[in-house]
Structures are given as structure tokens and as C-alpha cells.
Amino acid sequence: MEIFTNLWNSWTSYEKLLLGILLLITLLVIPALVWIFTKNKRFSLVSLFSILISGFLVCITFLIANLAFKLEITDIFKVVPFITVFAVTLNIGTAVGYFMQNHKRKDFSVLEIKKETKNDTIRLSLSITLLLVAVAVLSPSLILPLLLALGDSLLTLWLSYFLMYKLIK
């Protein structure tokens, strides 16, 4: 817990305010918008759980990095939650976009959305992997934070897909 208090104490009031606004938008607005656009409670729950999973994984990653590797979590590690939440938001957005585009078709089925979400998750996983590896190669000081962000993002994306697969019927 000391890791989070040290990180929190090193932030300015402006950064804390922005973090609070980001968390509020992420936890409340995204699931609400998903529900407004889809009128599907399960979609909204999947988006909320996906965001919560991403936050939980970031916290666990920071704890493991601190305990196992005696790594000091500095300001550069702020990039990890932003990348992870961005990846999850893209994944949610593509699923909702596909649903919105096709849900009025007569032959539309839930299997289509599951298949499309799987394809989007694969594409997004490859894109994020290539992007973060390229940036890490260009900037060696960012290797560890970007690898942590990559691991969190990939794990969150696939857990979100699993949730989508199990909850959307």
C-alpha cells in the first residue's frame, strides 16, 4: 500500500483532480453511454466489469513489480493505466459500434457480435503489441512501463472478451 501512497503524495493537486475526473468518466460515463446506445444491460455490465478489471490488474501489476523486483514506481509509470484503459475503451467501442450498425438486421444474432468481438480483440492485441514494442525500442527508458502496460492491456482485453462471450446472450 506504501507504493500507492508514495505515488499519490508525489502528485500535484492538478494531477489528482485529473485522475478523479478520468476515473469518474471511465467508471460512470462509459457504461452509461453503452447502455444509452445499445439499450442492453448486459453490454453495460460487460463494459463496467472490463474497466474494473483493468484497474484491478494495474494495481496488482504495480504491487508485484514493487514487491518482486524492488522497483520504485515513478511518474513514468502513470502511462500504464492510461494505455490499459485506452485499450479497453477501444475494445468496448468496437463491440458497441458493431452492435449499433447491425442490430436492426433481421438475420442478426448474438453469435455475430461474439465472433466480431473476438476478431477485434485479436486485431487490437496485435496492434497494441506492435505499437508498444516499437515505442519501447525507440525509447529504452520506457521499456519496463510499456511492457507492464502491454501485459495489463492484453490480459484485460482477453478477460473482457471472455466476459462478453459469457454474459452477452
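I began with the term polar contact: a pair of N or O atoms within 3.5 Å, where within protein one must be able to donate a hydrogen and the other to accept it, and residues adjacent in sequence count only if both atoms are side-chain atoms. The model is predicted, so I noted that local features need pLDDT of at least 70 and side-chain atom pairs pLDDT 80 or more, whereas totals for chains, interfaces and linings use all residues. Residues are numbered from 1 along each chain as its sequence is written, and side-chain values use heavy atoms, without hydrogens and water.

**Helix α3.** I took helices as DSSP runs (H or I, at least four residues), numbered from the N terminus. I looked up the N-terminal end of α3 and found Asn40 as its cap, with a side-chain oxygen 2.9 Å from the backbone nitrogen of Arg42. After α3 comes Lys70, whose phi is positive, near 50 degrees.

I counted rings of Phe, Tyr and Trp (its six-membered ring) as paired if their centres lie within 6.5 Å; planes under 30 degrees apart are stacked, over 60 edge-to-face and the rest tilted. This rule gives five aromatic pairs. Trp158 and Tyr161 are edge-to-face, because their planes stand at 80 degrees, with centres 5.8 Å apart. I checked burial next (buried is under 20% relative accessible area, exposed over 50%, partly exposed in between; 1.4 Å probe, protein chains only). Tyr161 is buried, at 15%. Tyr161 also pairs with Tyr165; that pair is tilted, at 6.0 Å centre to centre and 45 degrees between the planes. Tyr165 is partly exposed, at 40%.

Conventions. Helix = DSSP H or I, 4+ residues; strand = E, 2+ residues; numbered from the N terminus.
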